[in-house]
Amino acid sequence: MADYIFLNPSPNLLKVAENVRNRGFDVKLVKNEQFPDITADNVHVFYDGGYRTFYQNEPGLGTSKRFMKLKKSFLSGFSVRSVSSDLRGISGGLGCGDIIDLSLFRRQALEDNSLVTSPVSSASSFSAIAEDNGNAVIVTGYLEFVAGSEKLSMYDTDFDINDAFGNDYIVFMCDGHRIEMCRSGNRLVIIGSKSADNLAFLSSKLHFLNKFSFKRVKELVISRNRMPWIMNSLDKKLILLNDFSYFNISVKLTSEWFDKVGKQICADRQR
């Protein structure tokens with residue numbers, strides 16, 4: 001029986017899992033089939049009427065110390081505000097971004113997802129995973145959660161989605177809205193605020209979208225840890241980890257970051 005289940009592992013989460021395994025714990029990797037496959041080679045961030053592209057196979061700049069706060073504390077409110085301030089310092093249009101966006105601009109590199117070779121099993125739902133692994137601690141970067149603040153919507157379209165998006169991931173920021181877009185197979189995936197009509201907003205800003213039709217085929221309300229602290233323990237057997245990833249696209253971090261996070265995950269279990 002596994003000690004830890006790493007659910008929907010990104011490249012960064014796989015490295016954390018390996019660190020935990022090296023500390024003597026039994027680790028299992030599982031994918032929740034409710035979610036589409038989301039991966040990309042590049043990330044394009046659109047803001048202030050322009051964009052910037054980030055790539056794999058870059059060395060990564062600086063250290064990861066700015067992104068190594070493990071848990072929430074009484075000073076966390078200042079940390080949240082400092083993220084917005086730091087992003088506005090780069091450009092005013094980035095003010096609605098989060099700490100993953102900040103880490104991308106600071107580190108300026110993506111983890112190489114072609115190096116991911118660990119076998120990952122599948123499960124039909126989160127509840128099925130929890131029931132089958134009752135004694136395990138589940139560690140994940142995102143999950144379906146009715147009280148979550150975001151929604152993931154999938155659409156069939158009448159244009160060539162592969163030609164339009166290729167293998168790229170887009171973060172679009174405008175007028176205080178932050179929306180993520182990509183393709184999964186032949187479908188368009190849009191992630192944004194649960195309370196907004198994200199497709200309508202995009203169509204109002206990207207007028208070419210009005211030429212096409214969209215049929216929503218799936219929608220999930222989700223929760224991700226986008227806070228300046230890495231570990232959010234929802235209960236003693238569920239950790240929502242900020243793995244500094246856009247689903248399966250990870251910002252490149254230093255080995256020190258993975259060692260610190262793996263050590264803390266194991267220490268919490270032994271208490």
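Let's start inside: G141, Y142, R224, N225, R226, L241, N242, D243, S245 and F247 line the largest cavity. Here a cavity is a set of points on a 1 Å grid over the protein atoms alone where a 1.4 Å probe fits but cannot get out, while a pocket is an open set with protein on both sides within 12 Å along at least five of seven lines; lining residues have an atom within 4 Å of a point.

This is a predicted model, where local features need pLDDT of at least 70 and side-chain atom pairs count only at pLDDT 80 or more, but totals for chains, interfaces and linings use all residues. Residues are numbered from 1 along each chain as its sequence is written, and side-chain values use heavy atoms, with hydrogens and water left out.

By this rule, the count is one cavity of 30 Å³ or more. Grid points are joined across faces, edges and corners, and a volume is the space filled by probe spheres set on the points.

Here are the spaces and their volumes:

| Space | Volume |
|---|---|
| Largest cavity | about 60 Å³ |
| Largest pocket | about 550 Å³ |
| Second largest pocket | about 240 Å³ |

Now for the pockets. The largest pocket has 28 lining residues, and C96, D98, E150, R178 and R226 sit nearest its centre. Elements giving two or more residues to that lining are α2 (76-90), β10 (177-184), β11 (187-193), β12 (214-224) and β13 (231-235); helices (H or I, at least four residues) and strands (E, at least two) are DSSP runs, numbered from the N terminus. As for the second largest pocket, 16 residues line it, with N8, P9, K31, D37 and N248 nearest its centre.
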